[in-house]
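Welcome! Let's look together at how two protein chains can sit against each other. Take a moment with the picture, then read on.

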2 protein chains.
Amino acid sequence: MTTSTRPVPDACSAAPSLIALDWGTTSLRAYLYDAHGVPIDTRSRAAGVMHVPGGGARAFDAVFEEACGDWLDRTPGLPVLAAGMVGSAQGWREAPYVAVPAGADALVAGLITVTTARGATVSIVPGVIATGDLPDVMRGEETQIVGALASDPTLGADRSGVLIGLPGTHAKWAWVKDGLIERFQTFMTGELFAVLRDHTILGRTMRAGASPDRGAFVRGVAVARGARHTGLLATIFSTRTLGLTDRLAPDAQGDYLSGLLIGHELNALDAMLAERGIALADQPLLLIGDGGLCSRYVDALQVFGHAHARVAAQATERGLWRIASRAGLVRADGEPVCADQ
Amino acid sequence: MTTSTRPVPDACSAAPSLIALDWGTTSLRAYLYDAHGVPIDTRSRAAGVMHVPGGGARAFDAVFEEACGDWLDRTPGLPVLAAGMVGSAQGWREAPYVAVPAGADALVAGLITVTTARGATVSIVPGVIATGDLPDVMRGEETQIVGALASDPTLGADRSGVLIGLPGTHAKWAWVKDGLIERFQTFMTGELFAVLRDHTILGRTMRAGASPDRGAFVRGVAVARGARHTGLLATIFSTRTLGLTDRLAPDAQGDYLSGLLIGHELNALDAMLAERGIALADQPLLLIGDGGLCSRYVDALQVFGHAHARVAAQATERGLWRIASRAGLVRADGEPVCADQ
């Protein structure tokens, strides 16, 4: 458990106005917002959707009570909004996917609610689905995208829109225009890296380095870029053969493999853009996610000639607040709500 | 442990002439040959190179003694030949790789020997290395290729040579001409399939079917073929999303994923051939390996327009015998060696 409290600017705006939950597969993060949409308290729990003891609605309720019950004791009637895998079939209650193109309004229209044992109402944000021959889905990332757009309303307003990358276990790339997620693609890059390192022959010769080896990472990206036709199944084996031939040190092999995988992800992105007549290097591009991982993607994009990627800050917190505002759970974006108003 | 004995044709040719070991990462298979190069006894042990208790030369010697000691008791002085990971740095003794182009003669020239505690001499076949920007290696497959060529001396004699596929944990595709392995490429297809099924989210919704689902497999191959630019990292996620949208039954997901991976392997093979101006569909092609797996590849190749793949039988046994003959460990190919000759 971690708890952090920010300095409170004044008594009025510090009045809690919203509890929001980023409840994913592996963890729960809870935010308490002031009336300006600034988180004044944050809590993390390891009880992700796959780790809620026993599962089922009662178990989710119990985790929620343990994490946020005292906030509701102090401010009864606070609205609660949740996003992420908590709205999946394995979550607290299923919030059916909304189809692309989808923006904040479609997410608000798709909110479903669940009433807790103490009588609090929790609104759950739906995920987004792209149907077609090969369907694709997201849960949680839609809220981050809304948050990134909230911080810069001009994003994605030009002709080609903006490409938003969300690195991670299941990395997503979304094409966003005029506030709508038009289409997106999932890449299992993060999960594949973890299983290759932990469960295949490639991990056997790896040693953890003292710090990330940026050179080895960029080398992997460049190798993947040069071997786009040879593909991932073949190039990953070079992690082993370069080691066998003393051309890749054990403590560089992990970063090299990470570069290979992210390089192949960008090969695919590049090809998907090329099919639409767009050059990756010219495409406005925003990254959302863990700082260290986004920094790897910035390096990898440079290998592909893209030198102007930006990284969005606090996309989750902003997205949750934005959706709560649009849904009328809080009075309005940034407008203070005080007892004496 | 398994033991099988074939009918012995006559007393002369039944005299044992060679012990040969196919000693790979996960298992040891030992063959006792008659004077015609026909295996008259076969034994399997789970003591693959990664499972030899304790490791080290003494441990390998002990496993060998347990498996083959009685053969040597009965026919002292029998020559012994071994191929596979037993010749790697983690094996009994390292047999340095020989470089492509390499055929039976180069393998014979690269044999190294180890003397056992009882004084038997074991000759170990070297692996093959393709050097270059991304080196590649094989150990054991070179012996199978020699065996396939031994069964049909016209193979690979025409202008374009023959393409030999060896499906498995680390699938290999080798270009062979005039008896020489000219180049080859490893694909981690089998190992990747196993870790995706056993350790990622894709395995969670899979159920084992009563029998292989050929339709789901071919569907996966076709999807991969149609998504060659989108690549493996993206298309594998469709195993999950097609399941989520009720378009792929749990008991079909494993075969679908297998089809996706083998389809991406063939995408790469197709592209590598195209770079040399060769169409996969027109390429003479031979498969070596497990019957069920080769049958999958035959199906997958048909999706790629290749309808004339052949499957080689007993490539390992024939390759070991052929190399022993060339090395002079046995008198000559197929020539009977009798006590009274």
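There are 0 salt bridges between chain B and chain A. Keep in mind that this is a predicted model. So what does join the two chains? The points below go through the interface step by step.

**Contacts across the interface**
- Although the salt bridge count is 0, the rule finds 11 residue pairs in polar contact between chain B and chain A, with both residues at pLDDT 80 or more.
- On the side of chain B that touches chain A, α9(B) supplies the largest share, with 7 residues.
- In total, 51 residues of chain B are in contact with 51 residues of chain A.

**Buried area**
- About 3800 Å² is buried between chain B and chain A, and carbon and sulfur atoms give 74% of this area.
- Within chain B, the residues that lose the most area to chain A are Met188(B), Leu233(B) and Phe237(B), which together make up 19% of what that side buries.

**Symmetry**
- Chain B is superposed on chain A by a rotation of 180 degrees with 0.0 Å of shift along the axis, and the RMSD is 0.0 Å.
- The two copies are therefore related as by a two-fold rotation axis.
- Both copies use the same surface, as 100% of the contact residues of chain B recur in chain A.
- Which residue of chain B comes closest to the rotation axis? Val195(B) does, with its C-alpha at 3.3 Å.

**The nonpolar core**
- The largest nonpolar core has 94 residues, and Ile236(B) and Trp173(A) are among those with the most contacts inside it.
- Leaving aside neighbours within four places in sequence, Ile236(B) is in contact with residues including Met188(A), Leu196(B) and Leu257(B).

Terms used: Residues numbered from 1 in each chain as written. Chains lettered and ligands numbered in written order. Predicted model: local features only at pLDDT ≥ 70, side-chain atom pairs only at ≥ 80, totals over all residues. Heavy atoms only, no water. Core = buried A, V, L, I, M, F, W, Y, C linked by side-chain atoms within 4.5 Å. Buried < 20%, exposed > 50% of the residue type's maximum accessible area, 1.4 Å probe, protein only. Contact = heavy atoms within 4.5 Å. Least-squares fit on C-alpha atoms with pLDDT ≥ 70 in both. Buried area = accessible area lost by both parts, 1.4 Å probe. Salt bridge = Lys/Arg side-chain N within 4 Å of Asp/Glu carboxyl O. Polar contact = N/O pair within 3.5 Å; in protein donor to acceptor, adjacent residues only side chain to side chain. Helix = DSSP H or I, 4+ residues; strand = E, 2+ residues; numbered from the N terminus.
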